[in-house]
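Please look over the sequence and the model below. A short report on selected features follows.

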Amino acid sequence: MAINQHTVSNLDASYWMRHSIPPLVALLKAAGTFTPADQGQHIRFLYDHVIPNLGPRPTKARPDKSLITQSGFPIEFSINMSTGRPKVRYCWEPMGPPSLNDSDIYGISVVHKCLDMFSGELGFSRNWSDALISALAPTPEEAKTAQQNIALWQASLLPPGVPPKPVSRLYFSAIAFELDGPRVGTKLYVSPKVKEIGSGKPMADTVWNLLDELKPAITPSAIEAVQQFLVECPGADSIDMISIDMVEEAQGNRGRFKIYVHSTSNSFNTIRQCLTLSGRLRDKTTLKGLEVLRSIWHLLLQEKEEISDDFEKPVNDPAAMVMKVFFCLELTPGKDLPEVKLHVPIFNYLENDGEALENFEKIFIKCDQKWALNGKYRDMLETAL
């Protein structure tokens, strides 16, 4: 494995190490599926390849923050418990080195450099990622226009009379790693919003054209189902984000193309409609998942008691985020319909950390997860933070 050398006196690297390595270590240990050798390998990978590309640490003179987390930190850590074998994930925004300049404020050259490095290290194909970036990367003029129009775009999403909170920039791309034992899986996230705002043109047609040209091919019926979803789902009239699996060329049929959209409704009626593609998906797995989700829905919205199917939970601060829930439509070569997944921005509803922690423990119990036993989840969270 190639190594990017750090200088011990590098204050930026020291800052990022201090804030990124402890939560990664906490999650790796809590997962219980990583040997000491695995843990050391993943920590070294973060140190060698991610930290050098996070850019300068935030200072009073340069307070730029990433928008991939609520805190502005450019790495989002998580743990995937859905497969029975916990996997640790982290998603991060390439912002350096040494810093994003006026001619490349969205870091397009940085993400190209990182993908070149990681494709060599991890052996994945660049076919889909090159096509995605080529289609959605803003020109310098579009990037400049997008910067000038961010506030107008924010205001268009908010209720009348709610002023937007100022942000210095949106983010164009992020890279995610899923850690499974010694293995590292890679995903690329690209936002169409920068080019959309900069060009003044919706990016949906660009995305449909891209999907038509991908190899291995995405089934036309799956693409049509996504297009119909944008018409039927309340508030989901545009594409917020796209992600792709970075896989070896020989395993292209395993790659997933994911389209993320938000909804301005969080009633369970909306959730049911969207997760079933307005009734198109009625298989046993989908229906059982809906049954479990309904039993914990009030807890995800940070409500103490059961709620009705038409209950709408307001967000805490619409100026910070008006999006109530996000849906991910997962397209895989050869499949006739997309798989729909739900993402709930818990921070948009929580009253305090203590109540949210208690609600998660209740959710784990209802979902037959052992993370609520003996304070395991609580201990992991406190160690990580």
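## A loop residue to start with

Between which helix and which strand is the loop that holds glutamine 302? Glutamine 302 sits in the loop between helix 10 (284-300) and strand 7 (325-331). Its backbone stands out: phi is positive, about 65°, although glutamine 302 is not a glycine. Most residues other than glycine have a negative phi. Is glutamine 302 buried or exposed? Glutamine 302 has a relative accessibility of 9%. The cut-off for buried is under 20%, so glutamine 302 counts as buried.

The average pLDDT of the protein is 90, and 96% of the residues score at least 70. Residues 1-9 have a pLDDT below 50. In the model, this stretch has 17 contacts beyond near neighbours in sequence. Where pLDDT is low, the predicted coordinates should not be read in detail.

## Helix 1

Helix 1 covers residues 11-31, which makes 21 residues. At 1.5 Å a residue, helix 1 should span 30 Å. The C-alpha atoms at its ends are 31 Å apart, which agrees. Helix 1 also has a kink of about 30°, centred on methionine 17. At its start, a side-chain oxygen of asparagine 10 comes to within 2.9 Å of the backbone nitrogen of aspartate 12. Just after helix 1 comes glycine 32, with a positive phi of about 75°.

Which residues of helix 1 are buried? Among them are Ala13, Trp16, Ser20, Ile21, Pro23 and Leu24. Ala26, Leu27, Leu28, Ala30 and Ala31 are buried too. What covers the buried residues of helix 1? The cover includes two helices, helix 2 (36-50) and helix 12 (376-384). It also includes strand 1 (75-80), strand 2 (87-92) and strand 3 (173-180).

## A lysine in strand 2

Lysine 87 lies in strand 2. Is lysine 87 buried or exposed? Its relative accessibility is 16%, so lysine 87 counts as buried.

## Aromatic pairs

How many aromatic pairs does a search of the whole structure find? The search finds 15. Phenylalanine 45 is buried, at 4% relative accessible area. Phenylalanine 177 is buried as well, at 1%.

Another edge-to-face pair joins phenylalanine 364 and tyrosine 377. Here the rings are 5.0 Å centre to centre, with 70° between the planes. Phenylalanine 364 lies in helix 11 (residues 353-366) and tyrosine 377 in helix 12, so the pair ties together parts that are 13 residues apart in sequence. Phenylalanine 364 is buried, with a relative accessible area of 9%. Tyrosine 377 is buried, with 11%. There is also an aromatic cluster: Phe45, Phe77, Tyr90, Trp92, Phe118 and Phe177 form it.

## Two prolines in loops

Proline 164 lies in the loop between helix 5 (140-157) and strand 3. Its relative accessible area is 29%, so proline 164 is partly exposed. Not counting residues up to four places away in sequence, proline 164 touches Ala151, Gln154, Ala155 and Leu158. Proline 164 and threonine 383 are 219 residues apart along the chain. Their C-alpha atoms are separated by 34 Å.

Proline 216 is in the loop between helix 7 (204-213) and helix 8 (220-232). The peptide bond from lysine 215 to proline 216 is cis, with omega near -5°. Most peptide bonds are trans.

## An exposed loop residue

Where is aspartate 368 found? Aspartate 368 is in the loop between helix 11 and helix 12. Its phi is near 60°, a positive value in a residue other than glycine. Aspartate 368 is exposed, with a relative accessible area of 72%.

Notes: Residues numbered from 1 in each chain as written. Predicted model: local features only at pLDDT ≥ 70, side-chain atom pairs only at ≥ 80, totals over all residues. Heavy atoms only, no water. Helix = DSSP H or I, 4+ residues; strand = E, 2+ residues; numbered from the N terminus. Expected span 1.5 Å × (residues − 1). Bend = angle between axes of the 7 residues up to and from the residue. Buried < 20%, exposed > 50% of the residue type's maximum accessible area, 1.4 Å probe, protein only. Contact = heavy atoms within 4.5 Å. Polar contact = N/O pair within 3.5 Å; in protein donor to acceptor, adjacent residues only side chain to side chain. pLDDT = per-residue confidence, 0-100. Phe/Tyr/Trp six-rings, centres within 6.5 Å; stacked < 30°, edge-to-face > 60°.
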